[in-house]
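Please open the model in your viewer and keep the sequence panel beside it, so that each selection can be followed in both.

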Amino acid sequence: QVQLVESGGGLVQAGGSLRLSCAASGRTFTRYPMGWFRQAPGKERSFVSSISSSGGNTDYADSVKGRFTISRDNAKNTVYLQMNNLKPEDTAVYYCAAIDSRSYYLSRRTDRNYDYWGQGTQVTVSS
């Protein structure tokens, strides 16, 4: 069982930066690849980024590639999403989630494959 709590969201102007954190409880955190998803008002939840259990493999949606960086600190049971050069279209509720390793390498961009989810944190980017 893994419990996830996101933090770090807020209101920022376009071009600004935020760093989201996702703190996990449970001794098995290091076994799980992790992902970030987001959901804007009136839209479906969409993939943002993912990272393997060791941190050696990462993936990004095209819309955030070059602006967002995912990382993890297994000693702190935390995964991060550094978001730079934010745009108004990045406004959404951001969720972190945990997935088993097999599903990660098969279909890490599909939200229904993730087993555990945080409650979400709001990111609002003003123009």
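Which residue in β11 is the bridge partner of Val93? Select Val93 and look across to β11, where the partner is Gln122. Before going further, note that this is a predicted model, in which local features need pLDDT of at least 70 and side-chain atom pairs count only at pLDDT 80 or more, while totals for chains, interfaces and linings use all residues. Residues are numbered from 1 along each chain as its sequence is written, and side-chain values use heavy atoms, with hydrogens and water left out.

**The whole chain**

Along the sequence they follow the pattern β-β-β-β-β-β-β-β-β-α-β-β. The radius of gyration, taken over C-alpha atoms, is 13 Å, close to the 14 Å that the globule rule (2.2 Å times the number of residues to the power 0.38) gives for 127 residues, so the chain is as compact as a globular protein of that length. Along its principal axes the C-alpha trace spans about 40 × 25 × 25 Å. Of the 127 residues, 44% count as buried, a term that stands for under 20% relative accessible area, with exposed over 50% and partly exposed in between (1.4 Å probe, protein chains only).

Select β9 (92–98) next; six of its seven residues are buried, so that the strand is mostly covered. Two strands are said to pair if DSSP finds at least two bridges between them. β9 and β11 pair in the antiparallel sense over three bridges, and β9 also pairs with β10 (residues 116–117), again antiparallel, over two bridges. In this second pairing, Ala97 stands opposite Trp117.

Six bridges join β4 to β9, and the two run antiparallel; here Arg38 stands opposite Tyr94, and the bridge partner of Gln39 is Val93. Then show β5, with which β4 pairs in the antiparallel sense over five bridges, and where Arg38 stands opposite Ser46. β4 and β5 form a hairpin with six residues between them, and Gly42 in the turn has a positive phi of about 75 degrees. Five of the six residues of β4 are buried, so β4 is largely enclosed by the rest of the structure.

**The nonpolar core**

Finally, show side chains for the largest nonpolar core, which has 35 residues; such a core is a set of buried Ala, Val, Leu, Ile, Met, Phe, Trp, Tyr and Cys residues joined through side-chain atoms within 4.5 Å. Those with the most contacts inside this core include Trp36, Met83 and Tyr94. Centre the view on Met83: leaving aside its neighbours within four places in sequence, Met83 is in contact (heavy atoms within 4.5 Å) with residues including Leu18, Leu20, Phe68, Tyr94 and Val123.

Definitions and conventions
Helix = DSSP H or I, 4+ residues; strand = E, 2+ residues; numbered from the N terminus.
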